[in-house]
Amino acid sequence: MWKDIEKSSNREEDYEMLLKQLQALSEGVSYQITVLSNAAALLSDFLEDINWAGFYLTSGNELLLGPFQGKPACTNIAIGKGVCGSALATKSTQRVADVHKFPGHIACDGASNSEIVIPLMCDGECIGVLDIDSPSLNRFDELDQYYLEQFACLVVSYL
């Protein structure tokens, strides 16, 4: 599952390593964009079979594009629109096996087939979302969701 770190035989150990990497890169960093940029780069570097990883940040009634790794992306997404807007509106993770079957899916990259979007929660408010796309159908499972939610919480703790 990992590209540039030595693989273990245990996906949980690999995800724990990812969390430690995020912590090491984020401690003592006071600029939010730096934390978000390194977090997106870590995900892009470590996760296989993804074609986009990054953040959208809440601004008024929409999400605005933040730091990411991948092809150019949609710059703003309305609350409740697409997978990202739905995660913002519901304040819950959206794990979509086939984005083409998701009502109102916004296709920024036609090569994306599955997606996971995790709200970034701070004091009960959704301040943005972590968005990860894959060219494969059904790329993300329960283990991915669990650890990516932990990753998102850790990111928020450094903002």
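1. Tyr147 is a handy place to start: at 8% relative accessibility, tyrosine 147 counts as buried. For these notes, buried is under 20% relative accessible area, exposed is over 50%, and partly exposed sits in between (1.4 Å probe, protein chains only). Before going on, a caveat: this is a predicted model, where local features need pLDDT of at least 70, side-chain atom pairs count only at pLDDT 80 or more, and totals for chains, interfaces and linings use all residues. Numbering runs from 1 along each chain as its sequence is written, and side-chain values use heavy atoms, with hydrogens and water left out.

2. Staying with the aromatics, the structure has 4 aromatic pairs. The rule: rings of Phe, Tyr and Trp (its six-membered ring) pair if their centres lie within 6.5 Å, with planes under 30 degrees apart called stacked, over 60 edge-to-face and the rest tilted. The ring centres of tyrosine 146 and tyrosine 147 are 4.9 Å apart and the planes are at 90°, so this pair is edge-to-face. Tyrosine 146 is partly exposed, with a relative accessible area of 44%. Ring pairs also bring in Tyr15, giving a cluster of Tyr15, Tyr146 and Tyr147.

3. How are the rings of tryptophan 52 and tyrosine 56 arranged? Their centres are 5.9 Å apart and their planes at 25°, so the pair is stacked. Tryptophan 52 and tyrosine 56 are both buried.

4. Now the overall layout. The protein chain contains 4 helices and 6 strands, and reading along the sequence gives α-α-β-β-β-α-β-β-β-α. These are DSSP runs numbered from the N terminus: helices are H or I with at least four residues, strands are E with at least two.

5. On overall dimensions, a compact globule with 159 residues would have a radius of gyration near 15 Å, and the protein chain has 14 Å, which agrees. That radius is taken over C-alpha atoms, and the globule rule is 2.2 Å times the number of residues to the power 0.38. Along the principal axes, the C-alpha atoms fill a box of roughly 40 × 35 × 25 Å. Of the 159 residues, 45% count as buried. The accessible surface comes to about 7,600 Å², with 48% of it belonging to carbon and sulfur atoms. Areas here come from the Shrake-Rupley method with a 1.4 Å probe; for residues, only the protein chains shown count as cover.

6. A nonpolar core here is a set of buried Ala, Val, Leu, Ile, Met, Phe, Trp, Tyr and Cys residues joined through side-chain atoms within 4.5 Å. The largest one has 29 residues, and Leu43, Phe55, Leu130, Ile132, Leu148, Phe151 and Val155 touch the most other members. Helix 1 (11-26), helix 2 (32-46), strand 1 (52-59), strand 5 (114-122), strand 6 (125-134) and helix 4 (142-157) each supply at least two residues of this core. A second, separate core of 16 residues includes Trp52, Leu63, Val83 and Cys126.

7. Which residues does isoleucine 132 contact, leaving aside its neighbours within four places in sequence? Isoleucine 132 is in contact (heavy atoms within 4.5 Å) with Leu43, Leu47, Ile50, Trp52, Ala53, Ser114, Glu115, Ile116, Phe140 and Leu148. For the protein chain, residues 24 or more positions apart account for 53% of the contacts with a separation of 6 or more.

8. Cysteines next. With a disulfide taken as a pair of cysteine sulfur atoms within 2.5 Å, the count comes to 0 disulfides. For cysteine 122, the nearest cysteine sulfur is that of cysteine 126, 10 Å away; cysteine 122 counts as partly exposed at 32% relative accessibility. For cysteine 153, the nearest cysteine sulfur is that of cysteine 122, 11 Å away, and cysteine 153 is exposed, with a relative accessible area of 52%.

9. Two backbone spots to look at. Aspartate 49 has a positive phi near 60° without being a glycine; aspartate 49 lies in the loop between helix 2 and strand 1 and counts as partly exposed at 34% relative accessibility. Lysine 91, also not a glycine, has a positive phi of about 55°. Lysine 91 lies in the loop between helix 3 (82-90) and strand 4 (94-96) and is partly exposed at 40% relative accessibility.
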